[in-house]
Amino acid sequence: MKTCKFLFAFIALAIMGCSDLEEEPVGLLAPDGFFQSTNDIQTAANAAFGHMTHEDFWGRKMSLTLMLRSDMVAFGDPTTSQRRIDHDIFTVQADNGMIDGYWLRVYQIIAAANQAIAGADDVDVDEAIKNPITAQAYFARAFAYFHLVRQFGDIPYIAETVTDLAAASSISKTPAAEVYANIISDLEFAKLWLPDTQPARSIPAKSAAHSYLALVYLTMGEYGNAYTEAKGVIDNEGAYGLGLETDFQDLFDATKIDGSSEPIFVLDFIGASNGDDGRDYQAALTGIRDDQQYGLGGGWSVGVPALGVYDSWDGRDYRKAVSLDTIGLFDGEVQPFTVFKESGAGRAVNRPHIAKYTRGTGVTSTGNGRGSQQNYMMMRYAEVLLIAAEALNETSPGSAEAAGYVNRVRARARAGNGSAFPADVTGGMSQGDFRDMVLEERKWELAFEYKRWYDIARRQLGAEVFGASGLEGVKENFDPGRDYLFPILADELARNPNLQPQNPGY
């Protein structure tokens with residue numbers, strides 16, 4: 001028995017990652033007696049956000065899983081680990097090493113948040129003082145569970161600190177509908193108590209809770225509520241300090257993103273790490289093998305766009321140029337993507353690569369761009385506009401208002417290179433055509449930002465996007481009765497039979 005992987009081992013270690021947080025947590029095992037002031041609540045909340053920047057979570061394992069699972073990214077280097085390839089080709093088993101790597105980490109985020117929430121009860125100060133801090137923990141807990149419920153459906157829901165390991169080890173799964181209700185409750189608390197703005201976007205503000213409520217309702221198919229929440233963010237654009245970044249490229253420049261008004265909630269890597277604490281691998285995973293153009297030592301060509309992405313993306317779209325690298329530098333010579341493999345050590349692949357995480361890494365702590373200074377945008381304002389458009393179309397088809405939200409996003413894209421593309425959307429489109437259009441807009445606007453798989457799953461698009469006309473061609477292993485959910489880890493089920501049944505098909 002691998003006790004170190006036990007889901008309910010009560011660990012909330014202090015780790016680094018969010019450079020803008022005021023406290024540096026130094027370890028937290030139980031809330032009793034620890035919480036004396038609001039600083040202690042902040043310390044526990046910071047531990048939750050610190051876990052998000054670990055290699056297990058957004059540093060590599062969960063983020064890469066979501067990327068490969070989509071129809072836009074496939075593995076490049078054929079020698080990469082099978083646990084990654086399995087997500088790309090839908091041969092995932094219940095012992096998959098990617099899931100095994102991040103399952104516990106997400107529950108560590110939750111454990112730290114639960115400690116902050118529970119500990120806040122012991123701090124004897126007015127609610128108006130402590131609740132804005134505690135609300136950060138409520139947001140962190142909702143954020144973590146939102147990832148889990150979308151991936152696994154029914155999951156163990158833990159809302160209290162674990163003090164009885166024997167009792168916790170026999171916990172059962174909570175229905176997904178109840179998990180969603182708890183997520184909404186947490187986000188409502190956060191929306192009520194968080195301030196309109198924070199010193200940095202790595203600290204959730206009211207806009208983060210407000211925006212995630214819109215996305216949660218969109219995912220649930222509650223389009224009226226999704227529109228109401230998204231419209232609430234838009235109506236408070238000024239109070240929340242939000243706007244679209246003028247140049248799309250600057251969103252992916254680590255030296256400029258801190259000054260942008262577009263990010264709503266980010267995971268802030270700082271160009272330094274302690275082992276896998278705070279270490280970001282995206283530049284290495286998505287960079288071109290042996291490429292010299294960014295001075296990073298070349299990437300690993302692991303997560304590489306399908307060639308269909310390049311072929312189908314209109315070349316007039318400035319976002320395409322920002323998002324993709326079509327040339328590399330090898331031995332001082334510029335080479336096109338058609339010879340990437342031959343130009344390097346033979347482990348690259350002759351396809352354009354993702355450029356969003358290699359062109360502007362800022363400071364990096366180690367080779368291949370690992371440990372960058374990037375701020376990874378979990379939510380940005382452009383997505384809120386698209387949520388509002390998609391949701392409004394479901395309740396009021398043909399709306400000029402919905403078209404206007406898309407057009408704000410498209411106008412920024414056109415401004416990047418002075419092109420007339422993409423053209424404005426006009427009102428009066430059929431509901432079905434508008435729905436298809438806005439999902440396509442999300443695909444290009446949010447390309448490689450770890451959103452596409454969740455769109456495929458919530459809209460049940462698998463038969464279409466993994467079929468003959470899909471960007472990656474036929475994914476013959478894709479099973480719509482199985483693959484919209486991931487498997488619960490087999491060793492978790494073996495240790496605790498109350499977590500049965502396994503998700504269908506695994």
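Which side chain does K231 meet in a salt bridge? The partner is D235, at 2.8 Å from N to O. A salt bridge here is a side-chain nitrogen of Lys or Arg within 4 Å of a carboxyl oxygen of Asp or Glu. This is a predicted model, in which local features need pLDDT of at least 70, side-chain atom pairs count only at pLDDT 80 or more, and totals for chains, interfaces and linings use all residues. Residues are numbered from 1 along each chain as its sequence is written, and side-chain values use heavy atoms, with hydrogens and water left out.

K231 and D235 both lie in helix α10 (residues 223-235). Because they are four residues apart there, about one helical turn separates them. Helices (H or I, at least four residues) and strands (E, at least two) are DSSP runs, numbered from the N terminus. K231 is partly exposed at 22% relative accessible area. D235 is exposed, at 52%. The cut-offs are under 20% for buried, over 50% for exposed, and partly exposed in between (1.4 Å probe, protein chains only).

Next comes a link across the chain. E237 forms a salt bridge with R408, and their closest N and O atoms are 3.0 Å apart. E237 sits in helix α11 (residues 237-240), R408 in helix α17 (residues 400-417), 171 residues apart. E237 is partly exposed at 21%. R408 is partly exposed too, at 32%.

K356 and E449 form another salt bridge, at 2.7 Å from N to O. Both residues lie in loops, 93 residues apart. Both are buried. Shared partners join K356 and E449 into one network of salt bridges, whose members include E262, D317 and R319. The whole structure holds 40 salt bridges.
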